[in-house]
Amino acid sequence: MNTDITASAKPEYPVIDRNPPFTKTVANFNTLDYLRLSTITGISVTVGYLSGIKPNVRGPSMVTGGLIGLLGGFMYAYQNSAGRLMGFFPNEGEVARYKK
């Protein structure tokens with residue numbers, strides 16, 4: 001059985017880094033990534049607050065929802081950033097920046 005993940009997925013766009021480290025991936029976040037992260041966090045805080053109204057635990061529910069949204073938003077932004085670096089998502093800006 002072949003467990004090499006690069007054997008099954010071929011990038012459609014120019015590859016900048018086949019295995020980007022955590023720091024490079026986070027440094028590659030663009031404005032849209034930060035916007036998505038903050039939107040997911042904000043929606044999760046609101047849902048947490050609203051779901052805590054009936055049992056009267058608005059504060060803890062809001063904090064828990066916010067933490068879940070923050071982690072989910074970060075993972076979504078990280079996935080998009082890494083995908084651009086590995087060539088799976090459109091990456092014209094990254095190609096221009098890293099291929100100088």
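Let me start with one residue. D33 lies in helix α2, residues 31-51. By helix I mean a DSSP run of H or I with at least four residues, and by strand a DSSP run of E with at least two, both numbered from the N terminus.

Now the ground rules. This is a predicted model: local features need pLDDT of at least 70, side-chain atom pairs count only at pLDDT 80 or more, and totals for chains, interfaces and linings use all residues. Residues are numbered from 1 along each chain as its sequence is written, and side-chain values use heavy atoms, with hydrogens and water left out.

Overall picture next. The chain has 4 helices and 0 strands. In sequence order the pattern reads α-α-α-α. The radius of gyration is 18 Å, well over the 13 Å of the globule rule for 100 residues, so the chain is more spread out than a compact globule. That radius is taken over C-alpha atoms, and the rule is 2.2 Å times the number of residues to the power 0.38. Along the principal axes, the C-alpha atoms fill a box of roughly 55 × 40 × 20 Å.

Contacts and surface. A contact means heavy atoms within 4.5 Å. Take the contacts with a separation of 6 or more: 74% of them join residues 24 or more positions apart. The accessible surface is about 6,800 Å², and 66% of that belongs to carbon and sulfur atoms. Areas come from Shrake-Rupley with a 1.4 Å probe; for residues, only the protein chains shown count as cover.

How many of the 100 residues count as buried? The share is 27%. The cut-offs on relative accessible area: buried is under 20%, exposed is over 50%, partly exposed is in between, with a 1.4 Å probe and protein chains only.

Back to D33. It counts as buried because its relative accessibility is 0%. Beyond four places in sequence, D33 touches N28, A77, N80, S81 and R84.

Follow that list to S81. S81 sits in helix α3, residues 58-86. S81 also has 0% relative accessibility, so it counts as buried. Leaving out residues up to four places away, S81 touches T25, N28, F29 and D33. Which side chain does the side chain of S81 meet in a polar contact? That of N28, at 3.2 Å. A polar contact is a pair of N or O atoms within 3.5 Å; within protein, one must be able to donate a hydrogen and the other to accept it, and residues adjacent in sequence count only if both atoms are side-chain atoms.

N28 turns up again with E94. E94 is in helix α4, residues 92-98. At 4% relative accessibility, E94 counts as buried. Its contacts beyond four places are I16, N28, R84, L85 and K99. R84 is also one of the residues that D33 touches.

Now R36, again in helix α2. Buried or exposed? At 29% relative accessibility, R36 counts as partly exposed. R36 touches Y76 and N80, not counting residues up to four places away.

Last, a backbone point. N56 is in the loop between α2 and α3. Its phi is near 60°, a positive value in a residue other than glycine. Most residues other than glycine have a negative phi. N56 counts as exposed, because its relative accessibility is 55%.
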